[in-house]
Amino acid sequence: MTENTKINKWMIKNGSFAVLDAGKPVIHGCMVIENDRITYIGEETPELESGIPVVDGTHLFFLPGLINTHGHAAMSLLRGYGDDMALQIWLEEKMWPMEAKFTSNDVYRGTSLSVLEMLKGGTTTFLDMYDHMDQVAQVVQESGIRASLMRGVIGLCPEDVQRHKLNEAIQFARDWNGQADGRITTMISPHAPYTCPPDFIEKFVQAAHDLDLPMHTHMSETKAEVEQNVRDYGLRPVAHLEKLGMFSRPSLVAHAVHLNDEEIEILAANHVSVSHNPGSNLKLASGVARVTDLLKAGVTVSLGTDGAASNNNLDMFEEMRLAALIHKGVSGDPTAIPAMEALKMGTIYGAQSIFLKDVGTLAPGMKADFIALNTDQAHFLPHTDLISHAIYSASSKDVEHVWVDGKQVVKHGACLTLDEERIRREAQAAFDGLLSR
Ligand SMILES: N[C@@H](CCSC[C@H]1O[C@@H](n2cnc3c(=O)[nH]cnc32)[C@H](O)[C@@H]1O)C(=O)O
Ligand SMILES: [Zn+2]
C-alpha cells in the first residue's frame, strides 16, 4: 500500500464553520479532514489531489462537537423517577435505593441510552462519574464517542468497602486511560466532600498523584451541604478540598453554586475548572452559580447536564441556552454570557475542563470532532448570525451529522454505530426489571 491509500482524506465544501475567532467567528468555505484530524479550514478551496471525496456543506453549519463535562450516564434509566424534590431527599429516598439494585447490565443499558441521546444531540465528548465503569467504557468503544471516565466513590461505608471502592477506582483509571484509540481518558473522583470523609479524600489525592491523573468531584451544590461542611470540618468546601490537597492536582468541580468571593479567588489561583450544570441546578432548586464572577476571575467554566434523572435530558444546546439566559436574568445585565461565550462554554472551555488539548475548536491540527446543524429550517432564518441561532434558537433536534475522531457516527439524524431500536427496548426492560426486584 502506498502512503496515499492509507490516508482517509476528504473535504467539506460550501459550508459555514464556527471557528470562534473574535474578529470573524464564522467563515464560509472548506474544511479538509485527514484520518482523525482537521488539516485545513478556510475560505479558499485548497488544491487537492484528484479523487478526494467532497461533501457538500450547503445549508449546514459546522460546530466543534459539544463537550458535556459532568454527568452520570446510566442514570437515564431513572429519568422521570423522582422529580420535583430537593437534592438530599432525591438522592437518599429515590436515587440511591434504585442505584443499589443496578447490575453491570443495567449500567450498560442506561449508558447506551444516554450515549445514543448525546451523539444524536451533537455531544461528541462526555464526562461520566459512576460505577460499573468497565460497562461505560465498553459503550464508548462501541459507539465511537469520546469520554473522560471515572469510578465515582461514595465513602459512607465501612473501611473495607471504602478500600475496595478506592482500588476499583484506581484500577479502572489505570487500565482504561488512553483506550478506545485514545478516545478514553480517566480521572480520579471522590463523589463529594459530604459523602467522603477527609482522610478518604486524601487517599484519592494520593492516587491521582501516583497515576498522574486529574481529579473531579461534586462541590458546593447546595447551601445545606456548605453549612454541613463548616459544621463538621470547620471550613467551607473550597478551603476544605484545598487543605486536603485536591487542588494540587489539575481539578474540575461540578456545580460550585454556593461560593463566596474568597472561594472564587482560591479556585482561580489553583486553576480549578468548574462544570456549570444550569438545568440540574434549577430543577433541584440548588441555586444559581456565580458564573459571570467566576469567568471574570479567570476560572474556566464549562457545561454539564448532570444525570438525566435531574435534568431530564442530555441536550447540551439547552444547557448553553440556559447558561446564556439565566445569568442575564439574575444579574439584570443583558450583556452577560453572550452567545459566543455560551458556545465556548459548551466546546473549548469543556475541552480545557477535562484536560483535552486537541478537541473543542475547528482548526488545523485538532481532532476531527465536529457536528453539522441543518440551518435550512424556519427557526434559523434569516441567516443573520449563526452563532446566535446555535445558542438562542437551536436544539439538539437540529443536529444533522456528527463526526468523532474523523469517523461519522450520526448521518441525517440516525446513529450509525449503535442499534437504536435495541437500545430503546433494552432500556425500558432494564427499568421494568429494577422496579420488580
Ligand atoms: N454508587 C457509587 C457512587 C456512584 S457516583 C455517582 C453518584 O452521584 C449521584 N448524583 C447524581 N446527581 C447528583 C448531584 O447532582 N449531586 C450529587 N450526587 C449526584 C448519583 O445518584 C450516584 O449515586 C458508590 O457506591 O460509591
Ligand atoms: Zn452529578
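Which helices and strands each supply at least two residues of the shell around ligand 1?

## Ligand shell

They are α2 (87-99), β7 (123-130) and β8 (146-153); helices (H or I, at least four residues) and strands (E, at least two) are DSSP runs, numbered from the N terminus. This is a predicted model, in which local features need pLDDT of at least 70, side-chain atom pairs count only at pLDDT 80 or more, and totals for chains, interfaces and linings use all residues. Residues are numbered from 1 along each chain as its sequence is written, while chains are lettered from A and ligands numbered from 1 in the order in which they are written.

Ligand 1 is surrounded by 21 residues, the closest being Met95, Asp131, Gly152, Val153 and Ile154. A residue counts as near the ligand if its C-beta atom, placed from the backbone, lies within 6 Å of it. With 5 residues, α2 gives the most to this shell.

## Two domains

The chain is divided into domain 1 (3-65 + 360-415) and domain 2 (66-353), with bounds from an automatic or database domain assignment. Their centres, taken over C-alpha atoms, are separated by 29 Å.

Contact between the domains involves 26 residues of domain 1 and 31 residues of domain 2; two residues are in contact if their C-beta atoms, placed from the backbone, lie within 7 Å. On the side of domain 1 that touches domain 2, α15 (386-393), β16 (399-404) and β17 (407-411) each supply at least two residues. The largest share of that side, 5 residues, comes from α15.
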